[in-house]
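I opened this notebook to look up how side chains meet inside one protein chain, and I keep the entries in the order in which I checked them.

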Amino acid sequence: MWHRLRRLVQLIAAALLLSPLAGFTFFLGTYSASLLFGRLHLADPYAALQVGVLPLAVAALPVVLLNLLLGRVFCGWICPLGLLLEGVDALRRTLRLKDRRVPDWLGWALAGGLLAGGLLAGQPLFERFSPQGNLARLLLFGLAWEALILPVVALADLLVARRFWCRTLCPAGVTFGLLSRLGALRVALDAEHCGRCGHCLTACPQSKFVLQDAVSGKGVPIADPSACIACGECIDVCPSDALAFRFDPSPDPGRRQALVMLGAAALVTAFGRSARAAMTQRPRPALRPPGAQTETLFQALCIRCGKCAQVCPRKAIRLDNGSPYIEPRREGCDLCNKCVDICPSGALSLRPGEKIHMGVAEIDHSRCLPSNGVLCRSCFVVCPLQGKALKLDESRSPWTPMVDPRECVGCGLCEHVCPVDPAAIIVRFDP
């Protein structure tokens, strides 16, 4: 029963993630941060810890509450990477490869290291290299070099240990595991009815070690809450009905440890906000969408969710390793500000009445057609600030375009339509 229900939920979750490809907008983003039905903002708690801003913390709250109630259900019922790696696990079992126990501290070390390393690097490092984030971006936005991390993770699952990434290494999974120690739902074992057949140990997609201590009588009679993904596979295969979901059947001795770890992560996050503010400014490598903060702060806040690219009506926003940028020659920005409105972290942000400033257009008059006696008004016609940012010098014939750098916002529409190749008018963004 649980197996079929879980597969149905996984397919629905995958359909939601991919729905923008069919033109639907009731789900936008990836699982780092998403917008459901245009109203409910959701975020990965580990992403919120890395960035440390209030909007993301609020968006992560529903996910935290779900985890506290039902355990690691995201990992077992929703995560697209989990569904993919279950296929790798099936291959592993077919090849009858040995299941190794990997120390749990590896996951804590990686999660803590990425959190601390992100402070030094000035950006949420895990969102840059996250396999689940890269898988979502691969499905939604196409192939990019960072997708190479997916076969690496799959090979590690196949050759190192069963569900090596999900059970041991994944920082998001570690966070969910810590929260699950505080949670209510458990897979509980009735020791009196257990026949010690071992079917549950084989069926568990997170490896036999999740239930091994409970079945052997070495620990409390519950599945390890930090590793259990509440999939129900063990319940389905138990011939004596000795396993069942129960709400808090026994106290978890790891709860104090979980509180300490989460408290330490919160302190690192709080420190990170002041650390980012003190950082020296980075040069901007590309034209960013409207409302982009200084490059240093932009990199620190952007969690590469891709929502800005999904809502852009002109498809001007592209992604480089999930980081948004605009290539004006390919497509310019029409200043609709939808990307600013949907940004969950403040990486794109405009105060009421604040003027957009992406860059400034500059004209190479040695190549501009009107400057060389050929009639052309392409840039002037398309400029959204026509007559202010871009004017025509009527003292010359034909009339020649002139840029007012005080009014130009750097949208790039002029560069996009310029008939000269390469363009005679280009946007210079802040270095």
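**Entry 1: terms and ground rules.** I call a residue buried if its relative accessible area is under 20%, exposed if it is over 50%, and partly exposed in between, with a 1.4 Å probe and protein chains only. I note that this is a predicted model, in which local features need pLDDT of at least 70 and side-chain atom pairs count only at pLDDT 80 or more, while totals for chains, interfaces and linings use all residues. Residues are numbered from 1 along each chain as its sequence is written, and side-chain values use heavy atoms, with hydrogens and water left out.

**Entry 2: aromatic rings.** I paired rings of Phe, Tyr and Trp (its six-membered ring) if their centres lie within 6.5 Å, and I called planes under 30 degrees apart stacked, over 60 edge-to-face and the rest tilted. By this rule I found nine aromatic pairs. One of them joins Tyr31 and Phe74, edge-to-face, with 5.5 Å from centre to centre and 80° between the planes. Helices (H or I, at least four residues) and strands (E, at least two) are DSSP runs numbered from the N terminus. Tyr31 lies in the loop between strand S1 (27-29) and strand S2 (33-36), and Phe74 in helix H4 (residues 73-78), so the pair ties together parts that are 43 residues apart in sequence. Tyr31 and Phe74 are both buried. Phe176 belongs to helix H11 (residues 171-181), and the pair links distant parts of the chain, 102 residues apart. Both Phe74 and Phe176 are buried. Ring pairs link Phe27, Tyr31, Phe74 and Phe176 into a cluster.

**Entry 3: nonpolar cores.** Which residues touch the most other members of the largest nonpolar core? A nonpolar core is a set of buried Ala, Val, Leu, Ile, Met, Phe, Trp, Tyr and Cys residues joined through side-chain atoms within 4.5 Å. In the largest one, with 41 residues, they are Tyr46, Leu81, Leu85, Phe126 and Trp165. Helix H9 (residues 149-159) gives the most to this core, with five residues. Another core of 33 residues lies apart from it, and I noted Leu301, Cys333, Cys343 and Cys411 among them. For Leu85 I also listed contacts (heavy atoms within 4.5 Å). Leaving aside neighbours within four places in sequence, Leu85 is in contact with Val153, Ala154, Asp157, Arg163, Trp165 and Cys166.

**Entry 4: salt bridges.** I counted a salt bridge where a side-chain nitrogen of Lys or Arg is within 4 Å of a carboxyl oxygen of Asp or Glu, and the structure holds 14. In the one between Glu86 and Arg6, the closest N and O atoms are 2.7 Å apart. Glu86 lies in helix H5 and Arg6 in helix H1 (residues 2-18), so the pair ties together parts that are 80 residues apart in sequence. Glu86 counts as buried at 9% relative accessibility, and Arg6 counts as buried at 0%. The side chains of Asp89 and Arg162 also meet in a salt bridge, at 2.8 Å from N to O. Asp89 lies in helix H5 and Arg162 in the loop between H9 and helix H10 (164-169), so this pair ties together parts that are 73 residues apart in sequence. Both Asp89 and Arg162 are buried.
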